Amino acid sequence: MNVTKYLFSSLQSKLTLAFIVLVAAPLIALGIASLRATSNIIQTNAEAGFATSTGDEAEKMQSFLTRAEGDAVLLARTPGLNQLINSTDPHLWHESRAQLADFFRSFSSNHLFYEEISYIDETGQQIIKVSSDGQRTWVVSDDKLQNKAGEYYFSETMKLESGQVFVSQLDLDREFGNIVRPFKPVIRQSTPVFDQQGRRRGIVVLFILGSKFLPAIDPDYSESGGVEFMVDQDGYYLIHSDFARAWSGPLNLNTGYNLHADYPADIAEAILSGDTGLISEGVDSIVTHAPVFPDPAHPEHYWVMVDIHPKSAVLAPVAQFRNLFVGVLAGTLVAASLLSLVISRWLSRPLVELRQGVQVIGQGNLDHRLTLSTGDEIEALANDFNLMAERLQESYSGLEQKVAERTAELTALNAIAFTVNSSLDLEADLEQALEIIKQELNLDFAWIFLAQDNSQHLHLAAASGLPDEFLRGEARRPVTRCNCGQVLDTGEFCHVQNDSCRRLQLYRQKYPHLPADHVSVPVFSKQSVVGVLNLGSSNGTNLSADDYRWLETVARQIGNAVENAALYQNTLKEADRMAALNRVSTTVSVSWQLDNVLYPLLSEMAGVLGMNQGVVVLKSNDRRGRYKLRAFFGRWQPETDLNNIAWQTLPLLENLERTHAPVYINDAAGSKWLDSLHGLIAREGIQTVLALPLVVQQQLIGFIQLHSVNHTRIFETEEIELAKTLTNQAAVAIEKARLYEATVARYEEEQQMARQIQQNLLPRNVPRIPGLQIAGLCRPAQATGGDFFDYIPLPGNKLGVVVGDVTGKSLPAAMVMALARNTIRAETLSLVWPNLVMTAANQMLSEDIRRGTFVATVSALLDPTNKKLLLVNAGQTATLLHRNNQIQFLLPDEAAGLPLGIQPDIIYSQAEIDLLPGDTLLFYTDGIVEAKNSSGDMFGFDRLETVLQSIPPNAPAETVLHGLLADMEKFVGGAEQHDDITLVVVQIK
């Protein structure tokens with residue numbers, strides 16, 4: 001930002017910049033073009049040289065292998081070999097073999113790059129083998145000759161025609177199946193041998209040392225960031241500057257290193273395409289590749305020689321050239337800039353003097369004159385400035401007057417804007433604004449009309465200077481086609497003469513000082529005309545164009561104030577509406593009880609809507625669907641009996657059922673809708689009625705009827721809409737309360753029925769068994785519970801006693817309790833013995849009750865004749881035995897089995913206990929020991945033992961039972977019972 005400001009702050013800097021641009025722009029453009037062209041040439045040459053080097057390596061290998069193919073064919077056609085294969089005389093054959101071996105050795109001495117030259121007959125047996133270590137050659141002895149019939153190159157060569165050469169893969173040499181170390185890569189070229197009759201007589205094989213034709217790879221090559229390698233057609237490395245990756249294919253070390261894994265797919269695909277190429281786009285290095293086809297007859301087998309160099313190394317000459325070129329160009333630009341600075345200073349000196357003189361004039365010294373003698377346009381410009389200063393000096397006094405006038409107008413405008421927006425009393429603010437307008441324009445009269453009822457009426461909002469009679473007569477009047485109506489329609493100023501405004505002319509007959517003409521100004525709010533501002537004077541209303549422009553701004557300020565006042569009033573109304581909705585919502589949400597909802601709802605709605613009496617009438621749920629009074633509000637005559645009114649005969653009801661819309665009756669006494677209520681209306685003095693239907697899911701469930709007593713209540717449309725909203729909210733709340741009442745009633749009925757059923761399942765009578773005295777009870781915590789007990793008389797003067805506790809409470813637990821009680825009773829009557837009974841009952845209950853529900857049970861078989869007790873405890877509290885003032889726990893928790901219904905395959909065991917006369921047995925559920933008082937303390941086992949010991953041993957069973965209950969209730973006090981309590985007391989006589 002500061003640099004830009006400096007560059008353009010003076011003419012000298014602009015001229016300097018212009019000279020620099022004119023000189024530097026062509027120079028920079030030419031330099032950039034030259035830099036790009038030369039850089040591209042250097043880069044192209046560098047890349048081409050790099051690619052040529054790779055191609056030369058590939059071409060050398062290709063030429064070498066081609067010459068080797070010729071050597072193989074040449075050796076296969078030597079006379080000595082022909083003589084050997086066509087000889088039938090053994091002596092001659094051995095002589096020919098020796099001569100051929102000497103020839104092969106001589107040939108190998110001149111071609112030391114052949115590791116081995118062999119002739120193998122048609123059976124695969126080596127006949128002649130000459131080896132070389134690169135320095136000397138020798139003929140391998142007969143005892144070291146091998147049969148090569150199993151080698152792939154033998155079988156492949158034997159398929160070829162005369163003159164064809166088989167070229168093997170390039171791989172590491174092996175001895176007896178193992179790779180020779182150090183690594184010795186070889187390639188085999190072999191051709192078939194034919195005798196004079198054209199029969200195949202074997203092959204000639206050349207083993208070529210890879211070191212003789214493969215390019216030398218520098219192991220330090222990768223340290224410079226470059227990579228050099230050769231891959232086969234499958235992407236496996238043959239040679240590599242990183243020796244760990246060399247010979248990675250399946251035929252060699254099988255290390256798995258592969259071109260596809262080391263390089264992106266597009267680069268690997270380009271390298272293995274079989275074409276010579278160079279890759280430099282989108283990579284950090286330059287990649288060149290050239291193919292080698294060792295066997296032209298099989299182009300699908302090939303190698304690719306690859307060189308990869310960092311671009312920074314290959315393109316180093318380009319970077320050096322660019323640095324040199326930029327340095328030269330920068331020096332040239334600096335020199336040009338200095339020259340431009342000198343020239344610009346010389347050219348701008350007169351302009352600087354001219355600027356200094358202008359600054360003096362601009363500071364208010366209009367007497368100053370500029371003196372320049374340059375003989376050019378600058379001198380003429382100085383003379384023009386002198387002429388301008390003279391004219392400014394002449395018009396300065398008039399300008400000061402206009403500024404003062406505009407300042408006064410702005411001050412008045414600000415005062416008006418502040419006035420009309422300073423308070424919420426719009427009419428008072430408008431009166432002050434009119435006074436300011438009169439004073440500013442020197443007028444005598446001002447009045448303003450505001451449009452009402454969609455511009456159908458005009459309301460006199462404020463006036464100044466007009467008689468009271470005019471104010472009263474014009475307070476509200478319809479819009480006519482006079483000037484005010486035209487202004488409302490057109491939105492344009494109107495200068496009205498007295499004879500065109502009949503109403504003003506009428507008043508002027510009585511008040512001659514009223515204006516003979518006036519100006520009507522449209523008052524805009526946004527794009528709409530919301531009123532008309534009228535201004536006049538006794539001596540004629542003459543306003544200038546500036547006055548009209550100022551009035552237009554004033555009128556818009558007044559229009560904004562009118563709109564703000566309207567918005568404020570609407571906001572107040574909306575706030576009142578939302579507050580009413582909130583109060584009604586709060587009223588109907590405080591309770592689910594219908595009787596607790598209706599009266600507060602009715603009184604709140606009556607208060608919101610300004611009514612002082614009301615009733616709520618709801619449709620009953622019986623078959624006849626009669627309408628009944630459910631609540632009323634307000635003062636009523638003592639003789640009025642609202643309950644005796646036949647609401648369903650009310651004509652108003654038919655309209656409510658048909659339209660579901662509110663009915664507003666301003667004259668209740670004369671309304672046909674209220675025929676059956678005329679006696680009530682007369683007694684109560686009801687004048688206005690608002691009937692509001694209560695509709696839920698398109699069905700009328702009742703109505704709210706609000707009354708205005710002893711006065712008429714006029715409702716606006718917005719108030720009716722508010723009443724509808726409140727009624728809709730009330731209808732939903734009333735319906736919820738009615739549904740809740742019905743649900744509670746149905747639930748209580750079902751609970752009572754379930755309790756009755758459950759009580760019927762408990763023993764009604766105590767069986768009379770000689771030698772036993774029995775007492776028992778079950779007290780559910782709720783209407784129904786999960787505890788039960790049962791007495792089951794059995795043959796032989798025996799008695800079965802069962803005490804159970806089902807998990808859970810209320811109706812589900814009661815249903816499981818009934819199932820468990822009937823199951824155990826049936827099994828007891830059938831099996832008798834407690835262990836068999838509990839085992840069978842458990843299997844049945846495990847199948848019938850849902851998972852997670854179980855029954856803690858104790859089953860006892862009492863034999864008072866033999867004084868025996870057989871006892872099984874399935875997860876129930878331990879039975880207490882009171883004997884000789886001592887308490888004993890029978891089958892405590894650690895000896896009890898799992899409750900019934902948990903695991904179906906349980907086999908329960910029973911305990912046999914000898915009884916004595918005077919023994920007291922207490923069977924109980926955990927409800928008594930877990931009973932809590934208001935402090936949260938439990939009654940507990942210790943207190944149960946203490947109470948049982950405190951009861952006299954000879955007390956009846958009923959006394960023991962009620963003594964335990966009384967002590968527990970005294971401990972608990974008024975605390976709520978949370979669990980079922982079941983007790984069975986059995987005394988042995």
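Reader: Why is Tyr599 called partly exposed?

Author: In this predicted model, Tyr599 has a relative accessibility of 44%, and because buried means under 20% and exposed over 50%, Tyr599 counts as partly exposed.

Reader: What makes Phe633 count as buried?

Author: The relative accessibility of Phe633 is 18%, and since the cut-off for buried is under 20%, Phe633 counts as buried.

Reader: Why is the pair of Tyr599 and Phe633 called tilted?

Author: The planes of the two rings, whose centres are 6.1 Å apart, stand at 55°; planes under 30 degrees apart would count as stacked and those over 60 as edge-to-face, so the pair of Tyr599 and Phe633 is tilted. Tyr599 belongs to helix α17 (residues 594-609) and Phe633 to strand β22 (residues 627-634), so this pair ties together parts that are 34 residues apart in sequence.

Reader: What makes the pair of Phe632 and Trp636 edge-to-face?

Author: The angle between the planes of Phe632 and Trp636 is 90°, with 6.5 Å from centre to centre, and because an angle over 60 degrees counts as edge-to-face, that is the name given to this pair. Phe632 is partly exposed, with a relative accessible area of 43%, whereas Trp636, at 17% relative accessibility, counts as buried.

Reader: How do you know whether Leu869 is buried or exposed?

Author: Leu869 has a relative accessible area of 0%, and because buried means under 20%, Leu869 is buried. Leu869 is found in strand β30 (residues 868-874), and, leaving aside its neighbours within four places in sequence, it is in contact with several residues, including Leu890, Ala911 and Ile913.

Note on methods
Residues are numbered from 1 along each chain as its sequence is written. This is a predicted model: local features need pLDDT of at least 70, side-chain atom pairs count only at pLDDT 80 or more; totals for chains, interfaces and linings use all residues. Side-chain values use heavy atoms; hydrogens and water are left out. Helices (H or I, at least four residues) and strands (E, at least two) are DSSP runs, numbered from the N terminus. Buried means under 20% relative accessible area, exposed over 50%, partly exposed in between (1.4 Å probe, protein chains only). Contact means heavy atoms within 4.5 Å. Rings of Phe, Tyr and Trp (its six-membered ring) pair if their centres lie within 6.5 Å; planes under 30 degrees apart count as stacked, over 60 as edge-to-face and the rest as tilted.
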